[in-house]
Amino acid sequence: MGKIIWTFIAVAALALLTVSTVGAEEFQYEQYTVERGDTLWDITGEKLADPFNWPIVWRENSWIKNPDLIFPGQKLRIPVELLKQPEMTVTGEKAPAPVPPPVAKAPEARPLEIRRDAVEITAEDILRGGYIAWAVPQEGQIAGSPGRRIVLGDDDEVYITGLAEPRVGDRYYILRGTNEVENPMDYSDLGILVRVRGILEVTRVGERDVTARIEQIFDDVTIGDSIETFYTVPSVILTGEARQPEVEGLVVASANMRLLSGMLQYVYINRGSNDGLMPGDMIATLAPGTPDRANGVLRVISTRDDTATLIVERSAFDVSIGDSIASCAKVAGCTQK
């Protein structure tokens with residue numbers, strides 16, 4: 001699916017901007033529960049008249065940041081207006097005259113104001129990106145589920161243990177430490193890559209167990225994942241030209257510890273706030289063998305003292321663990337869009 005979706009994403013996005021559709025508040029929806037092996041392309045091809053309408057379903061489920069990543073148990077909203085109409089079989093000499101569909105009232109046209117210099121790093125971007133830490137925060141743990149499921153999704157119930165004073169309505173982040181991170185140059189220990197998998201809310205506190213509901217997932221959630229008390233993560237709004245600070249270092253990890261990362265993937269470097277980095281900063285990775293030219297353009301989305309989480313905004317080739325980083329101001333090919 002990945003190849004198909006990203007091949008058509010530019011065309012689909014343009015179509016969504018130019019085609020007038022019924023306002024979201026006028027849609028009626030059918031709920032669809034994602035099953036194992038489903039993709040947005042397959043779901044759209046089965047449920048809608050045209051599989052190329054998958055960007056509309058993606059847009060109506062804005063919590064899905066990456067259309068390649070949907071998981072069993074997630075609930076999707078599908079606009080009823082786009083569903084396939086059942087075929088009619090008519091016997092006899094004359095078929096009944098077709099009934100024209102109701103004409104939807106077009107929404108009032110409003111001018112679209114866009115600040116060309118504005119960039120938003122959302123709270124969800126920051127949470128999905130995760131961070132490098134010396135230990136995985138653990139105030140409790142997902143211990144099981146009523147259906148004994150191992151892989152969990154939105155709205156699933158789970159049992160949690162280890163909480164000191166659980167209360168109904170308390171919310172927690174779901175965390176998982178994925179891998180230990182080393183400096184590629186000297187193999188010194190930099191910590192553990194911690195990824196935020198989702199958010200849950202306590203729904204029942206019994207004498208022997210505590211039940212919670214998974215209200216949102218960012219990645220797969222499994223039995224054994226740690227939980228940490230919910231805290232507010234503010235979005236970051238940036239305007240004007242991005243800072244291009246003086247920095248030298250290395251890419252030390254990537255999301256899911258892949259050796260290579262393409263556009264819109266998260267990567268991690270061995271420089272942080274102690275080195276003057278701030279969210280929104282733009283830095284470059286260097287093309288192999290060409291220390292004066294950028295291979296990738298990265299944006300900092302969050303920082304710790306000595307490490308930072310970034311997203312790959314553009315790249316000529318995949319960004320690799322061990323790639324050098326440098327100030328955008330000092331290398332060619334690192335201009336902003």
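Colleague: Quick one to start: is aspartate 170 buried or exposed?

Modeller: Aspartate 170 is buried, at a relative accessible area of 16%. Buried means under 20% relative accessible area, exposed means over 50%, and partly exposed is in between, using a 1.4 Å probe and protein chains only. Before we go on, this is a predicted model: local features need pLDDT of at least 70 and side-chain atom pairs count only at pLDDT 80 or more, while totals for chains, interfaces and linings use all residues. Residues are numbered from 1 along each chain as its sequence is written, and side-chain values use heavy atoms, leaving out hydrogens and water.

Colleague: Thanks! Which residue does aspartate 170 meet in a salt bridge?

Modeller: That would be arginine 167, with 3.5 Å from N to O. A salt bridge here is a side-chain nitrogen of Lys or Arg within 4 Å of a carboxyl oxygen of Asp or Glu. Arginine 167 is exposed, with a relative accessible area of 56%, whereas aspartate 170 is buried.

Colleague: And how many salt bridges does the structure hold?

Modeller: There are 13 salt bridges. In one of them, aspartate 156 pairs with arginine 149, and the closest N and O atoms are 2.9 Å apart. Aspartate 156 counts as buried at 13% relative accessibility, while arginine 149 is partly exposed at 34%. Another joins arginine 204 to aspartate 209, with the closest N and O atoms 2.7 Å apart. Arginine 204 is partly exposed at 44%, and aspartate 209 is partly exposed at 30%.

Colleague: Which residues are linked in a network of salt bridges?

Modeller: Arg176, Arg197, Asp219, Asp220 and Asp225 are linked that way.

Colleague: Stepping back, what does the secondary structure come to?

Modeller: The protein has four helices and 21 strands. Helices (H or I, at least four residues) and strands (E, at least two) are DSSP runs, numbered from the N terminus. Of the 337 residues, 42% count as buried. As for contacts, meaning heavy atoms within 4.5 Å, residues 24 or more positions apart account for 69% of those with a separation of 6 or more.

Colleague: How many residues are in the largest nonpolar core?

Modeller: It has 25 residues, and Tyr173, Val181, Val252 and Tyr268 have the most contacts inside it. A nonpolar core is a set of buried Ala, Val, Leu, Ile, Met, Phe, Trp, Tyr and Cys residues joined through side-chain atoms within 4.5 Å. The elements giving two or more residues to this core include strand E8 (171-182), strand E9 (189-205) and strand E14 (249-254). E9 gives the largest share, five residues.

Colleague: What does valine 252 touch?

Modeller: Leaving out residues up to four places away in sequence, valine 252 touches Ile132, Val181, Glu182, Pro184, Leu190, Tyr268, Ile269, Asn270 and Ile321. Apart from this core lies another, of 16 residues, among them Ile142, Val158, Leu163 and Leu200.

Colleague: Last one: where is tyrosine 187, and what is its phi?

Modeller: Tyrosine 187 sits in the loop between E8 and E9. Its phi is positive, about 60°, although it is not a glycine. Most residues other than glycine have a negative phi. Tyrosine 187 counts as exposed, at 59% relative accessibility. Aspartate 155 also has a positive phi, near 70°, and is partly exposed at 39%. Aspartate 155 is in the loop between strand E6 (151-152) and strand E7 (157-161).
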